[in-house]
Amino acid sequence: MKKNGAHDEEQLWFDEQVKTGLLKFDQAYERPEPELAQLEAFVAEHRRQHRRKLLRELALFWLVAAIVLTAILGLLDRSWIWYVTLQGISAVGAIGFIAAASVKRRKQSWKNS
Amino acid sequence: MHDEAAIIKQAVKGDIRSLSELLRLHYSFLYQYVLKLTMDKSKAEDITQETMLKAIEKIGTYKAKAKFSTWLIAIASRLVIDRARRSQRERRYVQEEGALRQLRYESLGRMNDWPDALEALGQLDENHRMAVLLKYYYGYAQEEIADMLDTPLGTVKSRIHAGIKQLRKEMAQDEEERSS
């Protein structure tokens, strides 16, 4: 009840002291609606560019995957010991990266508060 | 409201005209929010544009749990947060001071006024300003704000509290300076 009361009091203060100024500011900086035809062209063009970018990234992904897969299969063919070692190092590296990223995200959320 | 719901449905399905209509309807509202948030006209224009681009890319994921305007505000807010993380603290401080001065000057021309409330709001840290605007001006609940910003509820509560406290302090100081 006390918390709600405090919020109400703060909202009241804000409405009396700040809101009018902000409404005036909004009015002063109101923007006219853009032309629909212009926006349609903008949306269509960006969609096209975005699709092209995604396809490029997908192609790159498949290329890199093909190279990595070829190298790994080649290694497996020559020496299974090296193959297992490489898989082990990759797994440890991936786990380490995920753990570090998780710690960084947690630190960031504390910093933001 | 009924019309917008139908337009949104078409936009989510991929209809370009519907999406364009939605962006057109909310453009000014979006810009006004970002301008108040950043207190920097040039940054506001960039962020508004980036928000529209992100909306075009992600419209397929819009679930209509919240209003379309809320979704746009959420995108814009996260872009502002990301930008702030990327830029260096000192460089940001100098840029913000300069931008605020420019905005003050332009607003005096447009409004014939620069309310104390805006000056006080300009002194707030961007995260606090965002929390205060979303809570007290736009009327979002704390839980909604936490969801929009993908931020813990506790963080949102403390930013709101700190923001409104500082705002009151800034305005009290302005009042004292005027009366002395």
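Helices α2 (36-78) and α3 (80-112) of chain A each supply at least two residues of a nonpolar surface patch. In this predicted model, that patch covers about 640 Å² and is made by A:Leu69, A:Leu73, A:Leu76, A:Trp80, A:Ile81 and A:Val84. Patches consist of residues with over 30% relative accessible area and no salt bridge, where like charges are joined within 9 Å and nonpolar side chains (Val, Leu, Ile, Met, Phe, Trp, Tyr) within 5 Å. Chain A also forms an interface with chain B, where 37 residues of chain A are in contact with 50 residues of chain B.

Residues are numbered from 1 along each chain as its sequence is written, and chains are lettered from A and ligands numbered from 1 in the order in which they are written. Local features need pLDDT of at least 70, side-chain atom pairs count only at pLDDT 80 or more, totals for chains, interfaces and linings use all residues, and side-chain values use heavy atoms, with hydrogens and water left out.

**Chain A: elements and surface**

- The secondary structure of chain A comes to 3 helices and 0 strands, where helices (H or I, at least four residues) and strands (E, at least two) are DSSP runs numbered from the N terminus.
- Read from the N terminus, the order of elements in chain A is α-α-α.
- Of the 113 residues in chain A, 15% are buried; buried means under 20% relative accessible area, exposed means over 50%, and partly exposed lies in between (1.4 Å probe, protein chains only).
- The accessible surface of chain A is about 9,100 Å², and carbon and sulfur atoms hold 66% of this area; such areas come from the Shrake-Rupley method with a 1.4 Å probe, and for residues only the protein chains shown count as cover.
- A:Trp80, one of the patch residues, is placed in helix α3 of chain A.
- A:Trp80 counts as exposed because its relative accessibility is 59%.

**The interface of chain A and chain B**

- The contacts between the two chains are counted for heavy atoms within 4.5 Å.
- The size of an interface is often given as the accessible area lost when the parts come together.
- Chain A and chain B bury about 4,300 Å² between them, with 62% of it on carbon and sulfur atoms; buried area is the accessible area (1.4 Å probe) that two parts lose on being put together, summed over both.
- A:Phe25, A:Tyr29 and A:Arg31 supply 18% of the area that chain A buries against chain B, more than any other three residues.
- The rule finds 6 salt bridges across this interface, a salt bridge being a side-chain nitrogen of Lys or Arg within 4 Å of a carboxyl oxygen of Asp or Glu.
- B:Lys36 and A:Asp26 are joined by a salt bridge between their side chains (2.6 Å, N to O).
- On the side of chain A that touches chain B, the elements giving two or more residues are α1 (2-28), α2 and α3 of chain A.
- α1(A) gives the most to that side, with 17 residues.

**Salt bridges within the chains**

- Side chains of opposite charge can pair when their charged atoms come close.
- Over all chains, the structure holds 16 salt bridges.
- In chain A, A:Lys53 forms a salt bridge with A:Glu57, and the closest N and O atoms are 3.7 Å apart.
- Both A:Lys53 and A:Glu57 lie in helix α2 of chain A, 4 residues apart, which is about one turn of the helix.
- A:Lys53 is partly exposed, with a relative accessible area of 41%, and A:Glu57 is partly exposed, with 43%.
- In chain B, a salt bridge (3.4 Å, N to O) joins the side chains of B:Glu21 and B:Arg24.
- B:Glu21 and B:Arg24 are 3 residues apart in helix α2 (residues 16-38) of chain B, so they are separated by about one helical turn.
- B:Glu21 is buried because its relative accessible area is 17%.

**A buried histidine in chain B**

- B:His26 is found in helix α2 of chain B and is buried, with a relative accessible area of 9%.
- Apart from its neighbours within four places in sequence, B:His26 is in contact with B:Glu4, B:Phe68, B:Ser69 and B:Leu72.
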